[in-house]
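Here are my notes on this model, as numbered points. Please read them with the coordinates open.

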Amino acid sequence: MTMSNTGGRRKPPTIHDVAREAGVSRGTVSRVLNGGHYVSPAAAEAVDAAIRRTGYVVNRHARSLITGRSDSVGFLLTEPQERFFEDPNFNVLLRGCTQALAAHDIPLLLMIAGTQAERRRIVRYITAGHVDGVLLVSSHSGDPVAEELRAAGVPLVACGKPIGLGSKVSYVAADDRDGARDMVRHLLGLGRRRVGVVTGPLDTPGGVERLAGYKEVLAEAGLGIDERLIVSGDYSRASGEAGAERLLAGAPDMDAVFVASDLMAQGVLAALHRAGRRVPQDVAVGGFDDSQAAVAASPGLTTIRQPWDRISSEMVRVLLAQVGGEDPATVILPTELVKRESA
């Protein structure tokens, strides 16, 4: 580093310092910083070593003026702010996406939009070019955010299939329906015949698909669908507790319950305990996610594992490919039944 003429403060190293240290031209350094095209392996290695020695940091603002890109990505959660802190899945997904983008030296901006006003404000911010693309989480049907971003040409990847947009938007999802089928088959395999369900929100893809899987397995087992055994929740612990109370009131002979998220299952367990129902002796309980809520539950929760690491890395991969000009893509990942004490 060089010293300034005032105060002895160090000037940050420049691209010229890197070129001089590496013994190459400024243009070669620039090409390395922008992907390494038309640069020999030896020159690229020399530039990388010079960057480490000088401590050079890319001026993202200056580069964005040239490339037209912000070199950042948005993580947009269309849920109330308190849900982000309550539901452990969001934190796991955020961490995975942050790590996957770090490998490309791209920062992730967390955006939470739980109201219409917040969504309008954030859509304006995104479409003004402040991020290169968006990882969209928890999109409800009727929520215009995905369609507005798609119409504006913003690269977008949703976690779960956005209802109503089909192949127009890239998405990465666990196989919700197949996971639900596995859980209900497991409960039936334990000899249970009055299997209730607490669904997720039925304006979300996970809510719709997990309920569909539940119904399919009951139908194939010849048990039919009893609407008294079906209640809906919103993925919160409180809604699971309220859902279990409705099930117990409407179908007191229920001997098992499939809960569409682990956090809701914690609420179900609390309601069953309060009602004097033993788990799993009286009522077997199965969840969905394999989150920290499943491990912390008492008894330990049998659940469906979503491959969160793969979901986050695939979301980032598909988004960066789209930023690079590729067409929308769909990735469906398998789930896994994890057996614990509750069923």
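How far does helix α12 reach from its first C-alpha to its last, and what span is expected at 1.5 Å a residue?

1. Span of α12. This is a predicted model. Helix α12 covers residues 262-274, 13 residues in total. From first C-alpha to last, α12 reaches 19 Å. The expected figure is 18 Å, and the helix comes close to it.

2. Cover of α12. The helix is mostly covered, with 10 of its 13 residues buried. The run from D262 through L263, M264, A265, Q266, G267, V268 and L269 is buried. A271 and L272 are buried too. In an α-helix with 3.6 residues a turn, residues three or four places apart point the same way.

3. After the helix. Look at G276, just past α12. G276 takes a positive phi, about 80°.

4. S291. Is S291 buried or exposed? S291 has a relative accessible area of 8%, and because the cut-off for buried is under 20%, S291 counts as buried. S291 sits in the loop between β9 (284-286) and α13 (292-296). Leaving aside residues up to four places away in sequence, S291 touches P88, N89 and D262. D262 belongs to the buried set of α12.

5. Cavities. How many cavities of 30 Å³ or more are there? The count is 2. The largest cavity holds about 360 Å³ of space.

6. Lining of the largest cavity. The lining has 24 residues. Nearest the centre of this cavity lie C159, R210, Y235, Q306 and W308. By class, the lining splits into 11 nonpolar, 8 polar and 5 charged residues.

7. Overall fold. The protein has 14 helices and 12 strands. Along the principal axes, its C-alpha atoms fill a box of roughly 80 × 40 × 40 Å. Of contacts with a separation of 6 or more, 70% join residues 24 or more positions apart.

8. Burial and surface. The protein has 343 residues, and 52% of them count as buried.

How values were computed. Residues numbered from 1 in each chain as written. Predicted model: local features only at pLDDT ≥ 70, side-chain atom pairs only at ≥ 80, totals over all residues. Heavy atoms only, no water. Helix = DSSP H or I, 4+ residues; strand = E, 2+ residues; numbered from the N terminus. Expected span 1.5 Å × (residues − 1). Buried < 20%, exposed > 50% of the residue type's maximum accessible area, 1.4 Å probe, protein only. 1 Å grid on protein atoms, 1.4 Å probe; cavity = no way out; pocket = protein on both sides within 12 Å on 5 of 7 lines; lining within 4 Å. Points joined across faces, edges and corners; volume = space filled by probe spheres on them. Nonpolar A, V, L, I, M, F, W, Y, C, P; charged D, E, K, R; others polar. Contact = heavy atoms within 4.5 Å.
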